[in-house]
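Thanks for coming. I will walk through one chain today, element by element, and keep it short.

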Amino acid sequence: APAYLFQGPAGVGKALTARCLAQHLLGKASDHPDLLWVAPVPKTQDTGRVTPAQIRLEQVREISQFVGRTPWQSDQSLVVIESAHCLNEPAQDALLKTLEEPGHSRIILLADRPDELLTTIRSRCQVIPFRNLDREQMRTVLQEQGYEKIEQHPELLTLAGGSPGAAIT
């Protein structure tokens, strides 16, 4: 599909899966000219007040420009939008056109709270659900990621509630 929505609780592997997919599609999971990873950023107002992190219209314009160009080293480019539920309303409206015409790109939206996305955005993506892991799956992931010491603290595994990311944090 040209667009995917990886949705589920925080810390269950959505970003890790996106990095693995980037590795598979592009040969590298970072620092690749055909990969654009977009994340929410806080904004400082003139008053010095900092607003909550959001993905703003300027960032979606950057995505549109990126998608509109020919990939440099691969057959296609890849855009990953981390915490897509943080897209503000103007940014979501602007993203719709890009999702309709992704060119030579694939777009992956990562969302902990997919209900905060416009229905029209969700309808243009193939939804891939992510769920909390059971204890055995948690152990496997923690070992693979080099965090096997966490297993020695069963209370951390319980508090993490099936989220390896929460256990690591």
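Which side chain makes a polar contact with the side chain of Ser105? The partner is the side chain of Ser77, at 2.5 Å. Keep in mind that this is a predicted model.

Let me stay with Ser105 for a moment. Ser105 belongs to strand S6. Its relative accessible area is 5%, which is under the 20% cut-off, so Ser105 counts as buried. Leaving out residues up to four places away in sequence, Ser105 touches Pro2, Val67 and Ser77.

Next, helix H3. H3 covers residues 89-100, which is 12 residues. From first C-alpha to last, H3 reaches 17 Å, close to the 16 Å expected at 1.5 Å a residue. The buried residues of H3 are Ala91, Gln92, Leu95, Leu96, Thr98 and Leu99. What do these buried residues pack against? Two helices are on the list, H2 (57-68) and H4 (119-123). The strands on the list are S1 (3-7), S5 (77-81) and S6 (105-111).

The N-terminal end of H3 is capped by Asn88. A side-chain oxygen of Asn88 lies 2.9 Å from the backbone nitrogen of Ala91. Asn88 itself sits in the loop between S5 and H3. Buried or exposed? Asn88 has a relative accessible area of 17%, and because the cut-off for buried is under 20%, Asn88 is classed as buried. The side chain of Asn88 also has a polar contact of 3.4 Å with the side chain of Gln54. With neighbours within four places in sequence set aside, the contacts of Asn88 are Gln54, Ile55, Arg56 and Leu57.

Leu87 lies in the loop between S5 and H3 and is buried, with a relative accessible area of 4%. Beyond four places in sequence, Leu87 is in contact with Ile55, Val60, Gln92, Leu95, Leu109 and Leu117. Leu87 and Ser77 are 10 residues apart in sequence, and their C-alpha atoms are 21 Å apart in space. The other residue is Ser83, also placed in the loop between S5 and H3. Ser83 has a phi near 50°, a positive value in a residue other than glycine.

Now the core. In soluble globular proteins, nonpolar side chains tend to be buried together. In this model, the largest nonpolar core has 23 residues. Which of them touch the most other members? They are Val79, Ile81, Leu87, Leu95, Leu99, Ile107 and Leu109. At least two residues of this core come from each of S1, strand S2 (35-38), H2, S5, H3 and S6. There is also a second, separate core of 12 residues, which includes Leu26, Leu35, Leu78 and Leu110.

Take Leu99 as an example from the largest core.

The largest pocket has a volume of about 430 Å³. How many residues line the largest pocket? There are 20, and those nearest its centre are Gly11, Val12, Gly13, Ala15 and Leu16. Helix H1 (14-26) and helix H7 (164-168) are the elements that give two or more residues to the lining. H1 supplies the largest share, four residues.

While we are on H1, consider Cys20, which lies in that helix. Its relative accessibility is 48%, so Cys20 counts as partly exposed. Cys20 and Thr120 are 100 residues apart along the chain, with 27 Å between their C-alpha atoms.

Last, helix H5, residues 135-144. At its start, a side-chain oxygen of Asp134 comes to within 3.1 Å of the backbone nitrogen of Glu136. Just after H5, Gly146 has a positive phi of about 85°.

To go back to the opening pair: the side chains of Ser105 and Ser77 make a polar contact at 2.5 Å, and Ser105 is buried. That is the end of my tour; I will take questions.

Conventions
Residues numbered from 1 in each chain as written. Predicted model: local features only at pLDDT ≥ 70, side-chain atom pairs only at ≥ 80, totals over all residues. Heavy atoms only, no water. Expected span 1.5 Å × (residues − 1). Buried < 20%, exposed > 50% of the residue type's maximum accessible area, 1.4 Å probe, protein only. Contact = heavy atoms within 4.5 Å. Polar contact = N/O pair within 3.5 Å; in protein donor to acceptor, adjacent residues only side chain to side chain. Core = buried A, V, L, I, M, F, W, Y, C linked by side-chain atoms within 4.5 Å. 1 Å grid on protein atoms, 1.4 Å probe; cavity = no way out; pocket = protein on both sides within 12 Å on 5 of 7 lines; lining within 4 Å. Points joined across faces, edges and corners; volume = space filled by probe spheres on them.
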